[in-house]
Structures are given as C-alpha cells and as structure tokens.
Amino acid sequence: METQRFLLVWALVLVSGERSESVRCFASIDLNTGECDSEIGDVNEDDCCQNPNYGYQTADGACQSCGPPTWSSWSSWSPCTTLCGEGVRQKSRKCYGVGQSECENPTDKLYVEPCIGTCCNGEGWDSWLPWTPCSVTCGGQGVRKRQRVCSAPLECRLNCTGPTEETETCEANNTCPVHGGWSGWSSWAQCSGSCVSNQGGAINTPSRERKRSCSNPNPSTDTEPPGNSCPGDASQRQDCSELPNCPVDGNWGAWSAPGPCSVTCGEGLRLSSRICDSPAPKYGGKICEGPSTESSICQSPCPVHGVWSGWSNWGECTASCIPQGRPPTRSRQRSCTNPAPSSNPLGRDCEGDNIQTENCDHLPPCSVDGSWGPWSPYTSCPVSCGVGLQESIRRCDSPTPKHGGQPCRGDDRRTSICSTQVHCPVHGVWSEWSEWETCRYAYGTKDIRCLKIGGKQKRERQCLHRAHNGSFCAGDKQLDSRVCYDVDKCYVKGSWEGWGEWGFCNPPCGPTSRRVRSLICDPDYMAAGYRPTIGRQKDKATFVGKPSYDCGTLPEGIAKKYEIQSCKNAPPCP
C-alpha cells in the first residue's frame, strides 16, 4: 500500500501533462543538515527529480529531496531554554523527499525533556578593549573603534547580548599640511650664445635653461607640521650643441721669399707671398685683408665646402616602454652649416646623414594584458540518467598577461545543462517492521493464553518506493518470527524493580507540558512454571501481552506506581 501511494505521487509529479515550475536543481542533498550542494542550474522540477539522489530549492529557500520520503537523523539536543534554573531542551528530525507526509510515524519528529540551566554566575562579556587610534590625524572628523570578547562557556553564550564592537566619532581639529607640487616646466630660454667657440683648445658651448616652481600647490607654512617642499631641482640646463662653431678671422703670416705663384682659382701671386695662417680663417671667419703678394693678386674666388655642425641632444623615445615586436626609437639631428657650402662657385655638400636614430633598449618592457582564448567544445553529458552539467573551458593565453599586465576578466569555465530524458532507478527502501502478530499455537487453533505451551508470532516489512528498474531492498529478510508465550491478562507474581526511564515532555510546548515515569514490576515467569526456552532448538522465549502483575505492596516511601513532572519554561505553542 505504501509503495502504491508513493508511485502515485511520483506519477503525478513526473507524468503530468503540464510542465512543473522551474527550480534551482542540485546534484546532492545532505539529509542531516538539509543543505543542497553542487548546483546544476535552473530546470523544471520534474526534470530535476528524474534522479532521486538530487535535490532542489523550494520557493521559501529550503532544500527538498527528490528521493522517496526519508527521515533525517535526530538533531543534537538544543541549549536549555533557561540560562539558570529549570527549563527544557529539544531535538528534532525532518522528513525529506517526494510526498513528505508519507514518512512513517509522521508525528514522531520532536522530543522535549527537562534540563537545568547552569549559567548562574553571571559570566559574559569581558571589559571593553582600549579604543583604536582615530582614523584621521588632521582635518576634522574620523572614527575609532573598540571591541570586547565573550568569555562565557559555549553553553552560556546567550549571556553575552549586545554588539562585540562599538564605533564613535573622533575629532582632529588641526589643519592638515599641504605638500608642495611642481608647476609645469617653462619653455627653454634662448641659448647663452649664438655659436660654439674654441679659444686655445678650450671649447665653450653655450647653454640654455628652463624652470619650474613649487607652486602647484605651494607647501603650507602655517600648519604643524609644515608641508613638504617639492623634491628635485627647480631648473634644468642643457648644452646648445646644435649651434655652429664661432667664425675665426684669418691673419697674415710672414712674407715668403719671392717666387712663382700658381693657383687654380682666385688670383695668383708672383714674386713674394704671404699666407693667411696666423691663424687661418675657420667656420666662416674673415680672411686676411690685403694682398698676399707684392706684385699681382689672383682675384678668382675659391668654393667653400660644407662642414657638419655638432649633433643635437637625443630626443624623447617614441614610447615609454618596449612593446612586443619593434622597440621604440629616438633621434638626433645635425646641419651642414659649419660652414654651409658656397653657391658660387659651388661647394660640396656635407657627406653622411643629418639624422641619427637608435633603439630605446634601456626602457622597461610594456605590460601585456591577458586575453581569453576560444572556448573549448562542451564535454559530453556526464550522467546516464536525469540531468547533468556539461563543461567548457578557456585559457588566458591570447596573450598571457606579462610584465604586470591585467589578468583576464570573467570566468574560465562555463556550463550547460544536459538532459538524458531517462529516469534514474529508484532503489527500494525497507519500511519499519510491522507490529508482532498475536502469539498463536503453531500446530492448530488452540488457545494457549495463560498456558505453559509455546507458540509463534510473526511480523513483516515492505520494500517501498522501488521504481524504474531500481534494485530490491538490501537485507536479510522480509518476514521475521519468534517463539513466544501468550501471557496477556494472566496472573503472574513479580517484584518491584525501581523506576523506569522518564518519558519525553507531552505536549512539547506550552505551560501544561509534563512527563511521566512508572514503577517497574518485574514478573517472575520461571516461578509461574514457564520455561526460558521453547522447542527442541531451545529458542529463547518471548513473553507476549500485558499480564496481571502482582508485585505486592509498594516499596517503602513510594505512594503511587507513577510520577508526573512538569516541564517548566517550555516554549510557547505556535
């Protein structure tokens, strides 16, 4: 009958023509804690519950099992309802599964018993720890905190009410110092000269300067402490190496002895001559004035050939770091102006390049941010029944992050729900044993009550919830039997054995909750003529029924066969 009811519920859930609502499906559920784990995703409830080992989250956030109705384990005993004095504690269990009300003994889910709260000495919070420093040291309002620790034993932690941390505002009225910041660089000033001079072998290159000021902002002087000045120099100076050399005017040397003069250009001199070499004119300087001979002068001018100026300073690199591939470069220039080639007669241009370029190999490499590669194909569905999760992955290698670059953002794994459209097997679960049948004579219909004749009684259990080719219940047997004597309402003398165990509080809530224990009368079946075993196999006898005990007068000091105790401070009934 249990199996039929369960299969009917299962059929209503899984075979209904209407699709169930979407739920968050999980691949496992802990029946002791009621927590779901290993999320599959959002699927229809009937698809999720094709696997009885799965669970799903209900609308109220609770986790529900897809399997047959099953009790959780009993919880641990709760703390006593009172910290000091008489109270109650409780333990409970919960029914999980399809058709939750079908768990056997559905009302047997809460036990309550009296307890004594031992937290009577006021143990609780330690003193507050000192305040932390204020979160600001200047400029107005900040916060500070302090904490305290609950030193009470675990069972007395309810004595510690209130927060573990306090926060309050704090003031720092002194003005914060303002640290100086540089303004931008000014433009370069004019060079201190117009050319590079050479006096007695000493080269004198003009220079130029640019400046900046510590005014963005100015460092404060009226605060304590004062603001810091700007680090570094307020000015920069560099040589004007791109300028031409200064011209050197020529000066005559001594007259030569008279002789022939032959020139290829200009005017030649015959007879005595002198040379303009003390010094010779350079860099466009003036030639010597006056004749170089004492007779005739060659007036044909000579061509002036070009000479390079010095190289300028290296310019800025085309980038601040070295990217992958081609490195950045920088360049410098020179001009054919030292002197420039004459135009009439035509002088030769300077040989070589006027621009020089080099790689900026001294720079650090540029950071490379990572980028995802392509997603892999989804794996095959990992389950042979019900629903499962297929997986696809990608790697941060297109490119891999380098030199402090950012890692890839996002997930390296994605999933997709797959359905086999096949219901998983539902394995059978044993029911509780039935009550024992009446103790009957094994060889006929003879009434053996109160007789010293052994009988036999049976009980059985059912393999419940088996479906979809699930396995039969594991275990020894479905039927059980034992030998017995029927002693129901039979007169038997006995002796008092003391008090039995206290029962649980009933009802489990409210001011009328109480529990009961009874005095135990142990019947002496051997004295009444019963044997401890039955049959040739000498199986141990079980005495069945409730005999009419006769244990005589109650023990001294005991007025009743039972005791009742109130369960004080039980929780109010809902």
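Author: Let us begin with the disulfide, which is counted here when two cysteine sulfur atoms lie within 2.5 Å. In general, a disulfide is a covalent bond between the sulfur atoms of two cysteines. Please keep in mind that this model is predicted.

Reader: How many disulfides does the structure hold?

Author: The structure holds 26 disulfides. One of them is formed by C321 and C366, whose sulfur atoms are 1.8 Å apart. The angle about the S-S bond is 100°, and the link of C321 and C366 is right-handed.

Reader: Which parts does the pair of C321 and C366 tie together?

Author: C321 belongs to the loop between β14 (235–239) and β15 (329–333), while C366 belongs to the loop between β16 (355–359) and β17 (387–393); the pair therefore ties together parts that are 45 residues apart in sequence. C321 and C366 are both buried.

Reader: Where do C381 and C418 lie?

Author: C381 and C418 form a disulfide with sulfur atoms 2.0 Å apart. The link of C381 and C418 is right-handed, with 80° about the S-S bond. This pair joins distant parts of the chain: C381 is in the loop between β16 and β17, and C418 is in strand β18 (residues 413–419), 37 residues apart.

Reader: Why does C381 count as partly exposed, and why does C418 count as buried?

Author: The reasoning needs two cut-offs: buried means under 20% relative accessible area, and partly exposed means a value between that and 50%. C381 counts as partly exposed because its relative accessibility is 27%. C418 counts as buried because its relative accessibility is 7%.

Reader: What is the case for C385 and C424?

Author: C385 and C424 form a disulfide, and their sulfur atoms are 2.0 Å apart. With 100° about the S-S bond, this link of C385 and C424 is right-handed. C385 lies in the loop between β16 and β17 and C424 in the loop between β18 and β19 (429–430), so the pair ties together parts that are 39 residues apart in sequence. C385 is buried because its relative accessibility is 13%; C424 is buried because its relative accessible area is 3%.

Reader: Which residues does a cis peptide bond join?

Author: A cis peptide bond joins S398 and P399, with omega about 0°. P399 is placed in the loop between β17 and β18. N506 and P507 are also joined by a cis peptide bond, with omega about -10°. P507 is placed in the loop between β23 (491–499) and β24 (514–523).

Reader: What is the phi of S38, and what is that of N105?

Author: S38, a residue other than glycine, has a positive phi near 60°. S38 is part of strand β2 (residues 35–44), and it counts as partly exposed because its relative accessibility is 40%. N105 is likewise not glycine, and its phi is positive, near 50°. N105 sits in the loop between β7 (95–96) and β8 (110–118).

Reader: Which residues form a nonpolar patch on the surface?

Author: V516, Y562 and I564 form such a patch, with about 260 Å² of accessible area together. I564 is in strand β29 (residues 562–566), and it counts as partly exposed because its relative accessible area is 43%.

Conventions
Residues numbered from 1 in each chain as written. Predicted model: local features only at pLDDT ≥ 70, side-chain atom pairs only at ≥ 80, totals over all residues. Heavy atoms only, no water. Helix = DSSP H or I, 4+ residues; strand = E, 2+ residues; numbered from the N terminus. Buried < 20%, exposed > 50% of the residue type's maximum accessible area, 1.4 Å probe, protein only. Patch = residues over 30% accessible without salt bridge, like charges linked within 9 Å, V, L, I, M, F, W, Y side chains within 5 Å. Areas by Shrake-Rupley, 256 points an atom, 1.4 Å probe, with all protein chains shown as cover. Salt bridge = Lys/Arg side-chain N within 4 Å of Asp/Glu carboxyl O.
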